[in-house]
Amino acid sequence: MTEAHREDRAASFERGAGEYHAARPGYPTEVVRWIVPDDAHDVLDLAAGTGKLTAELVALGLHVVAVEPSQAMRAELVRSLPGADARTGTAEATGLPDGSVDAVTVAQAWHWFDPPTASAEIARVLRPHGQVAVLWNIRDDEIDWVGRWTEIVHRGDTLTTRYEEPALGEAFTAPEHATFRWVAPMRPADLRTLAASRSHLLLLPDDEREALLDAIDELAATHPDLRGRDQVDLPYRTECWRARLV
Ligand SMILES: C[S@@+](CC[C@H](N)C(=O)[O-])C[C@H]1O[C@@H](n2cnc3c(N)ncnc32)[C@H](O)[C@@H]1O
């Protein structure tokens, strides 16, 4: 896996904003409360995408700046959250002033960043003792049909993503970790859209992508836990880390 390919994958979301917003899960309120300090007011949601986490932060009454490099992802965010403060920027160059936010959140995106540069940028925009949180929603592949879905969407994928403690550097306290378990109800047909929103599929040639999506449809139509159902519960755990500026 070359760095150039990783960058292409990071940029692939520009092609799949609609699928992303339609199919990806949000975040339970207990997660959102854990990742932001009780006394926070101004929050930077970094790599905000289509606003899945931004919406939950706004719902808690926080003032949120959403920074996202992809124009298509930002457009979905503004469509679903009219009036949101959505700005162009990256984790390495947010464009925010020094010491301007109480908290920074990074959902499903730390693996696309350059960690040393992103950590320094996050430390720069945080107020003294401000908090950063890094989190990922991870499917429970121990469930048979979920494991089969995962096997299909990873066919031919050479990128390994580690959902592990972020290397935030010495500007931050040692990260605290928490795991939250929950389920996302969805229609079996949505499993195709969820697959189509993934960076690996977004970059595949059309015929190869269609072959994987057809395999997902076949799974939904034939697996005993999926076929004929109106709704299924996709089990997730959200792995979260939070750390304060020293
Ligand atoms: C999987 S999406 C996560 C979106 C949103 N946080 C969520 O939880 O749904 C990853 C996002 O990271 C963005 N991204 C990729 N590289 C980035 C970087 N270097 N800085 C900021 N955002 C980046 C992509 O454009 C994409 O919108």
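Colleague: Before we start, what does buried mean here?
Modeller: Buried means under 20% relative accessible area. Keep in mind that this is a predicted model.

Colleague: Fine. Start with strand S2, then. How many of its residues are buried?
Modeller: Strand S2 covers residues 63–67, and four of the five are buried. So S2 is largely enclosed by the rest of the structure.

Colleague: What does S2 pair with?
Modeller: Strand S1, residues 42–46, is one partner. S1 and S2 pair in the parallel sense, over five bridges. Strand S3, residues 85–87, is joined to S2 as well. That pairing is also parallel, with three bridges.

Colleague: Which residue in S2 is the bridge partner of leucine 44?
Modeller: Valine 65.

Colleague: And what stands opposite alanine 86 in S3?
Modeller: Alanine 66 does. To get from S2 to S3, the chain crosses through helix H5, residues 71–80. This β-α-β crossover is right-handed.

Colleague: What do S1 and S2 make with helix H4?
Modeller: A right-handed β-α-β unit. H4 spans residues 52–59.

Colleague: New topic: the ligand. Which residues come nearest?
Modeller: There are 20 residues around the ligand. Tyr20, Tyr27, Ala47, Glu68 and Ala91 come nearest.

Colleague: What classes make up that shell?
Modeller: It has 13 nonpolar, four polar and three charged residues.

Colleague: Which part of alanine 91 lies 2.8 Å from a nitrogen atom of the ligand?
Modeller: A backbone N or O atom.

Colleague: How much of the ligand's area does the protein bury?
Modeller: The protein buries 95% of it. Taken alone, the ligand exposes 600 Å².

Colleague: Last one: glutamate 239. Where is it found?
Modeller: In strand S7, which runs over residues 232–244.

Colleague: Is glutamate 239 buried or exposed?
Modeller: Buried, because its relative accessible area is 8% and the cut-off for buried is under 20%.

Colleague: How far apart are glutamate 239 and glutamate 164?
Modeller: In sequence, they are 75 residues apart. In space, they are 8.3 Å apart, C-alpha to C-alpha.

Note on methods
Residues are numbered from 1 along each chain as its sequence is written. This is a predicted model: local features need pLDDT of at least 70, side-chain atom pairs count only at pLDDT 80 or more; totals for chains, interfaces and linings use all residues. Side-chain values use heavy atoms; hydrogens and water are left out. A residue is near a molecule or strand if one of its heavy atoms lies within 4 Å of it. A polar contact is a pair of N or O atoms within 3.5 Å; within protein, one must be able to donate a hydrogen and the other to accept it, and residues adjacent in sequence count only if both atoms are side-chain atoms. Accessible areas come from the Shrake-Rupley method with a 1.4 Å probe; for residues, only the protein chains shown count as cover. Ala, Val, Leu, Ile, Met, Phe, Trp, Tyr, Cys and Pro count as nonpolar, Asp, Glu, Lys and Arg as charged, and the others, Gly among them, as polar. Buried means under 20% relative accessible area, exposed over 50%, partly exposed in between (1.4 Å probe, protein chains only). Helices (H or I, at least four residues) and strands (E, at least two) are DSSP runs, numbered from the N terminus. Two strands pair if DSSP finds at least two bridges between them. A crossover is right-handed if, with the strands pointing away from the viewer, the path from the first strand over the helix to the second runs clockwise.
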